[in-house]
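Student: I would like to learn how to read a sheet and the helices around it. Can we work through one example?

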Amino acid sequence: MPKPAGRVLTLLELLQSGGTRTVAELAERLGVDGRTVRRYVGQLIDLDVPVESARGRYGGYRLGPGYRLPPLMLSDDEALAVLLGLVAGRRTGLVTAGHTASETASAKIRRVLPKQVARRLDVLLDSLAFTDQPGGFDTPDADVLLTLADAVSHCRPVAMRYTGGDGRRSERTLHAYGIVAHAGRWYVTGQDAGSGEDRTFRLDRIADARTLPGSFAPPEGLDPAQRVVTGFATAEYRHEVVLRIQGTPEQIRARLPASVATLEEADEGWLRVRLRAEHLDWLPPVLASLDRPFVIETPEELRTLTTTFATRLTSYANHP
């Protein structure tokens with residue numbers, strides 16, 4: 001027979017699964033009468049767990065929002081899912097407040113895992129390999145992330161201090177359109193109220209973000225993720241590259257994604273590809289891997305590099 005404390009924890013787990021549970025339903029699940037269910041609910045409330053009562057024919061109890069996180073009951077599969085999510089977040093750099101929060105959260109969950117589940121997790125982690133290197137990115141402050149999310153949701157201007165890649169600091173007011181996670185970093189995109197230009201900012205370079213009075217109307221048909229990747233493709237780099245490639249957008253995007261290049265219609269069956277690059281030496285292998293007819297319109301230096309690359313491949317292929 002389960003002890004009363006165990007039934008109280010079971011009641012909490014039932015309420016955490018969501019929705020309103022009737023007294024009769026809870027009594028049946030716990031194997032007690034309705035009066036005992038109400039006593040268990042009182043014990044949870046004494047522990048500052050925010051249990052709310054719902055009156056009426058379909059009334060009962062539900063878990064409400066509280067001022068702090070109540071004891072959290074996770075199944076074995078849920079605990080494994082949370083831990084794997086924390087591991088993946090650290091590997092990709094998509095964590096907030098540095099690695100400390102995710103590491104302490106992982107440690108708390110691991111401490112209470114049943115031994116059999118903990119062993120299964122260790123076996124999984126020992127056999128798990130990642131194709132990328134561990135995330136070594138600067139992470140955004142959690143308060144900054146949540147403040148910007150609130151500004152996006154309610155279309156409110158946000159004031160922030162920003163440190164650019166050159167180390168210069170500036171005070172900015174942003175009409176934030178959306179938050180985007182890309183390539184292991186967090187970004188916010190929107191209109192810089194001072195310049196009137198659309199800008200993308202790295203969240204780990206933002207400090208002291210706070211929402212301001214008033215509101216703004218975001219553009220219709222807005223796609224924040226597309227804005228971010230297009231911004232990368234059109235950023236000011238040393239070389240401006242223009243190509244014509246015969247093929248479909250899907251074939252070209254397999255090697256030149258939207259974050260690298262923009263596409264537009266050219267001749268029938270051909271697309272004009274524009275991109276900017278600080279260095280050109282990576283492009284000839286990419287063009288070869290496309291295995292599609294192409295024409296280099298500019299720059300001349302890329303044409304020379306591509307010819308040299310083709311000659312080198314031919315010599316390798318003909319080597320006895």
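Tutor: Start with one residue pair. This model is predicted. Arg-244 has Val-295 in E11 as its bridge partner.

Student: What joins strand E8 to E11, and how do they run?

Tutor: The general idea comes first. Strands of a sheet pair through backbone hydrogen bonds, either parallel or antiparallel. Here, strand E8, residues 239-246, is joined to E11 by 4 bridges. The two run antiparallel.

Student: In what order do the strands of the open sheet come?

Tutor: Read across: E9-E10-E8-E11. That makes 4 strands, with antiparallel pairing. The edges are strand E9 (261-265) and strand E11 (294-298), each pairing on one side only. From one strand to the next, the twist averages 25 degrees.

Student: Which strands does helix H10 lie across, and at what angle to E8?

Tutor: Helix H10 spans residues 283-290 and lies across E8, strand E10 (270-277) and E11. Its angle to E8 is about 10 degrees.

Student: And helix H11: at what angle does it run to E11?

Tutor: About 140 degrees. Helix H11, residues 300-317, lies across E8 and E11.

Student: Now a charged side chain. Is Arg-7 buried or exposed?

Tutor: Arg-7 lies in helix H1, residues 4-16. Arg-7 is buried, yet has no salt bridge. The cut-off for a salt bridge is 4 Å, from a side-chain nitrogen to a carboxyl oxygen. The nearest side chain of opposite charge is Asp-33, 9.3 Å away.

Student: Which side chain does Arg-7 join through a polar contact?

Tutor: That of Tyr-40, at 3.3 Å.

Definitions and conventions
Residues numbered from 1 in each chain as written. Predicted model: local features only at pLDDT ≥ 70, side-chain atom pairs only at ≥ 80, totals over all residues. Heavy atoms only, no water. Pairing = 2+ DSSP bridges. Axes fitted to C-alpha atoms, helices over the stretch in contact; angles between N-to-C directions. Contact = heavy atoms within 4.5 Å. Buried < 20%, exposed > 50% of the residue type's maximum accessible area, 1.4 Å probe, protein only. Lys, Arg positive; Asp, Glu negative; His and termini not counted. Polar contact = N/O pair within 3.5 Å; in protein donor to acceptor, adjacent residues only side chain to side chain.
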